[in-house]
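Me: I have a structure to look at and I'm new to this. Can we go through a few parts of it?
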Amino acid sequence: MPDNYFARYLPLLIHFVIAGALAGIFVLLSYIIGYRRPTRAKLSPYECGMEPIGDARGRFSVKFYLVAMLFILFDVEAVFLYPWAVILRDLKMFGFYEMMVYIVIVLVGFFYIWKKGALDWGEPSVRRGEV
């Protein structure tokens with residue numbers, strides 16, 4: 001093992017330099033060798049074959065952003081399960097009970113937003129019993 005603390009990170013630095021150099025070389029080569037022949041279809045803002053209709057700056061429903069934020073929130077909470085699973089044997093039953101409390105808290109939050117209708121994509125429909 002090297003005595004210098006920073007010498008241990010030299011392979012990582014070399015890896016980043018080589019990866020960055022290769023990425024730069026590939027981009028440069030594709031720019032130099034690339035086949036470019038702009039046509040009217042290629043220069044149009046939409047290449048899907050359909051003519052654009054309406055304003056491109058149309059607004060999304062707030063539901064879209066709400067579901068996106070909730071997805072990120074619960075995705076990050078699920079990521080916390082992986083380190084726990086790795087060290088579960090070292091934690092013994094205390095770690096198991098601790099994670100069960102965590103999962104119960106996450107599930108309470110999930111059922112709360114589910115009952116509030118935050119995950120419903122469709123148009124608001126009339127619920128049973130309401131007129």
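Reply: One definition to begin with: helices (H or I, at least four residues) and strands (E, at least two) are DSSP runs, numbered from the N terminus. This is a predicted model, in which local features need pLDDT of at least 70 and side-chain atom pairs count only at pLDDT 80 or more, while totals for chains, interfaces and linings use all residues. Residues are numbered from 1 along each chain as its sequence is written, and side-chain values use heavy atoms, with hydrogens and water left out.

Me: OK. Which helix does Lys92 lie in?
Reply: Lys92 is part of helix α5.

Me: And what is its phi?
Reply: Lys92 has a positive phi of about 60°, although it is not a glycine.

Me: Is Lys92 buried or exposed?
Reply: Lys92 is exposed, at a relative accessible area of 61%. Buried means under 20% relative accessible area, exposed over 50%, and partly exposed in between (1.4 Å probe, protein chains only).

Me: Switching to α3. How many residues does it have?
Reply: Helix α3 has 18 residues, 62-79. From first C-alpha to last, α3 reaches 26 Å, close to the 26 Å expected at 1.5 Å a residue. The expected span is 1.5 Å times one less than the number of residues.

Me: Which residues of α3 are buried?
Reply: Val67, Leu70 and Glu77 are the buried residues of α3. Seen down the axis of α3, they fall within an arc of 90°, so they line one face of the helix. The arc is that of the directions from the helix axis to the C-beta atoms. On the other side of α3, Met69, Phe71 and Ile72 are exposed.

Me: What covers the buried ones?
Reply: The cover includes α4 (81-86) and α5 (88-116).

Me: At what angle do α3 and α5 pack?
Reply: The angle between α3 and α5 is about 165°, and their axes are 11 Å apart. Axes are lines fitted to C-alpha atoms, for helices over the stretch in contact, and angles run from 0 to 180 degrees between N-to-C directions. α3 and α5 are therefore roughly antiparallel to each other; angles under 35 degrees count as roughly parallel, over 145 as roughly antiparallel, 65 to 115 as roughly perpendicular and the rest as oblique.

Me: Which residues make the contact?
Reply: From α3 they are Leu70, Phe74 and Glu77, and from α5 they are Tyr102, Val106, Gly109, Phe110 and Ile113. Contact means heavy atoms within 4.5 Å.

Me: What does Phe110 touch?
Reply: Not counting residues up to four places away in sequence, Phe110 touches Phe74 and Leu119. Phe110 is partly exposed, with a relative accessible area of 28%.
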